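Here is a friendly tour of the side-chain contacts and backbone details in the model shown below. Keep the structure open while you read, and look up each residue as we reach it.

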Amino acid sequence: MPASPSCAIVIFGASGDLAHRKLIPALYELTLQGLLNEHSYIVGYSRSAVSDEQYRGQCREAVEKHARSRPIDLEAWKRLEGRLFYVQADYGSAEDHAKVASRLDQLDVKFGNEAGNRLFYLATPPNTFEPIITRLGERRQTRQDEQHPRRWERIIIEKPFGRDLATAKKLNGLLLNHFTEDQVFRIDHYLGKETVQNLMVMRFANSIFEPIWNYKYIDHVQITVSETLGVEGRGGYYDRSGALRDMVQNHLFQLMALVAMEPPVALDAQSVRDEKVKVYRSIRAPRTADVDTFTVRGQYAAGEHAGHQTEGYLKEKEVNPASTTETFAAVKLYIDNWRWSGMPFYLRTGKFLEEKLSEIVVRFRSPPLTLFQKQCESPVYPNDLVIRVQPEEGISWRLNGKVPGSQMSIKSVALDFLYHTTFNTEPPEAYERLIHDAMLGEQTLFIRGDEVEAAWSVIDRIEEGWAMSKNPPQSYAPGSWGPKRAMDLIENDGRRWLHSGNGAPEPIIACAL
C-alpha cells in the first residue's frame, strides 16, 4: 500500500469511545506498518480539559487495550506519541476554531507539513455536525490562496447521515455548501472489512459465479447483522433511532448493494458507487398498506443472555416506557431489475440476539431431484454461499456430499476459506483501511451523497407504514433470534433462515440403494 501524503489529522470528539476504541488504535497500526507519513501529526479536539501529556497517556491506554497488534511495539509507539496533541475547544465557537487553526499552522512548521493538508474526522454526536461543518467551512474560506494549489482539506463524517430523507438532504446541502463531494468521506466501517471488499473480487474475478449470479439460479439472499447486547446505556440515542435507521439503512443496505450491483466499468470510486445507487433506486419499497406483510419489528423483553441481564427495552434508562422503537427489524425486499426480478432479499438485525455475527447467505435453487426422488424421502439440501463478515471473516461454500458407507447418504458439507488460516494473519481493522484511503483521497469504500438519499427514500416508506400500523413491535426473549413473526416472514415463503434458533443440525438424508 502506498504511504499517505503528509497532513494534520484533527479528531473531533477525541475523548469519546470511537476515538479511544477505533481511531487511535488504527493510527497506531498505520504507524507500525509505515503507512502514516512522517510529517503527519494528530490533534485531538474536544471539550474536556486535558493536557497533551494526559492525552498521550489516554492514547497509549487505547492502543494497549484495543490495537490489533499486541503487545505494543515501543518503537512504533514512540514514533506516534511525539505527534499526538490535544486542544480543549468548543465545537461551535468561531474563536476556538481560529485558535485551533493557529495551532495547526505552528505544528505544520514543526513537522514539515509544507502542503498544509487537513483531514477532519467528526467522531461526534449528530447534533454537533452542523456547527463543526459550518465553522470548518468558514475557516476554509480564509485559507484559499495561490501559494498552495495542491493543498487539500477533507472531512470524514460518521453515521447517522440524517434520520430520514429530509434531514439527509439537509446534511448533504450543508456539506456541499462548504466542501465539494470529492472532499466528503461518509464512513461506514463495514465497507472497510476485508470480506466485504473480497465480495467484489469473488464476484468479478471468478468466472464461475457470474453466469449463475441472478434470479434463475439463486433462490434468495439472506443478510443478518445481529448483536448479543442491548442498548448498553445509549437508550436516549437509540430510542430516537431504532434498528431500521441505525443498521438497515446503512450497514445492511451496503452489503445488499454489493451483492446485487452490476459489474462496474472500472474499480474507481465513481463507477462502483454509480452501480450501488442503481440498486437502491431499483428497490421496490413496500406500500404503506402492505408494510406489515413485508416487514417485522420487535423489542427485547426481560431476561438474561451472554452474562447480561435486562428488564426489557421499555425499562432501559432514557427510553420512553410507551416507546414503539424497534430493537429488531426484518425486511423482505425485491430489486426490480432484469438480474433480480421476483427474487427476494431478506434482511434482519437486532439486539440481544442469540449470536453476534454479520453474514450474507446466497442460497441457490435446489437441483433437479430426478436421480434421488425415488430413493430419498427428503429433498437434497440447496447449496449456500455463506459470506461471513464477522466475527471470523471468511467464505464458506456449502455443497452436498456422500457420507462414507454402504448407503447413499447425503450430507451438506462446507468448503471453507478463512482469512486467518489461508493467509496466516488476521485481516486489518476496517478503520485502518478507511483512514488510509481518506488520506489518499480514495473514495471507493465511502458513501456518496446520492447513495444516502436513495437508501433513505426506501426506509422512509417503511417508517411511514409503521407509524400507521396497528401492530406494535412484537416482544422477543433475549438470546433468541427475534420475534416469531420474523420466522414467519421467510417460512411462509417456504424458506428458512440459516440461523433459525431451533439448534438442530442439518439432517443427513439417508437413501436406500
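A disulfide here is a pair of cysteine sulfur atoms within 2.5 Å. By that cut-off, the structure holds zero disulfides. Cys7 is in no disulfide, and the nearest cysteine sulfur belongs to Cys59, 16 Å away. Cys59 is likewise in no disulfide, with the sulfur of Cys7 as its nearest cysteine sulfur at 16 Å. Are these two cysteines buried or exposed? Cys7 is buried at 0% relative accessible area, and Cys59 is buried at 2%. In these terms, buried means under 20% relative accessible area, exposed means over 50%, and partly exposed is in between (1.4 Å probe, protein chains only).

A word on the origin of the values: this is a predicted model, in which local features need pLDDT of at least 70 and side-chain atom pairs count only at pLDDT 80 or more, while totals for chains, interfaces and linings use all residues. Residues are numbered from 1 along each chain as its sequence is written, and side-chain values use heavy atoms, with hydrogens and water left out.

## Salt bridges

Side chains of opposite charge can pair when their charged atoms come close. A salt bridge is counted when a side-chain nitrogen of Lys or Arg is within 4 Å of a carboxyl oxygen of Asp or Glu.

| Lys65 and Glu61 | 3.2 Å | Lys65, partly exposed, 47% | Glu61, partly exposed, 34% |

Lys65 and Glu61 are four residues apart in helix 2 (residues 52-66), so about one helical turn separates them. Arg365 lies in the loop between strand 13 (357-364) and strand 14 (384-390), whereas Asp219 is in strand 7 (residues 218-226), so their pairing ties together parts that are 146 residues apart in sequence. Salt bridges with shared partners also join Glu29, Arg68 and Glu432 into one network.

## Aromatic rings

Rings of Phe, Tyr and Trp (its six-membered ring) pair if their centres lie within 6.5 Å; planes under 30 degrees apart count as stacked, over 60 as edge-to-face and the rest as tilted. Searching the whole structure gives 19 aromatic pairs. In one of them, the ring centres of Tyr300 and Tyr313 are 5.9 Å apart and the planes meet at 75°, so the pair is edge-to-face. This pair links distant parts of the chain, 13 residues apart: Tyr300 is in strand 8 (residues 295-300), and Tyr313 is in the loop between strand 10 (308-310) and strand 11 (328-334). Tyr300 is buried at 2% relative accessible area, and Tyr313 is buried at 0%. Elsewhere, Phe12, Tyr45, Tyr91 and Phe120 form one aromatic cluster.

The criterion is NZ of Lys or CZ of Arg within 6 Å of the ring centre and within 35 degrees of the ring normal. The charged end of Arg154 sits over the ring of Trp152, 3.8 Å from its centre. Arg348 lies over the face of Trp497, 4.2 Å from the ring centre.

## Backbone details

Which peptide bonds are cis? One joins Arg70 and Pro71, with omega about 5°, and Pro71 lies in the loop between helix 2 and helix 3 (74-81). Another runs from Gln390 to Pro391, with omega near 10°; Pro391 lies in the loop between strand 14 and strand 15 (394-403).

Finally, look at phi. Glu232 has a positive phi of about 50° although it is not a glycine. Glu232 is in the loop between strand 7 and helix 8 (235-239) and is partly exposed at 46% relative accessible area. Phe352, also a residue other than glycine, has a positive phi near 55°. Phe352 lies in the loop between strand 12 (344-350) and strand 13 and counts as buried at 2% relative accessibility.

Methods. Helix = DSSP H or I, 4+ residues; strand = E, 2+ residues; numbered from the N terminus.
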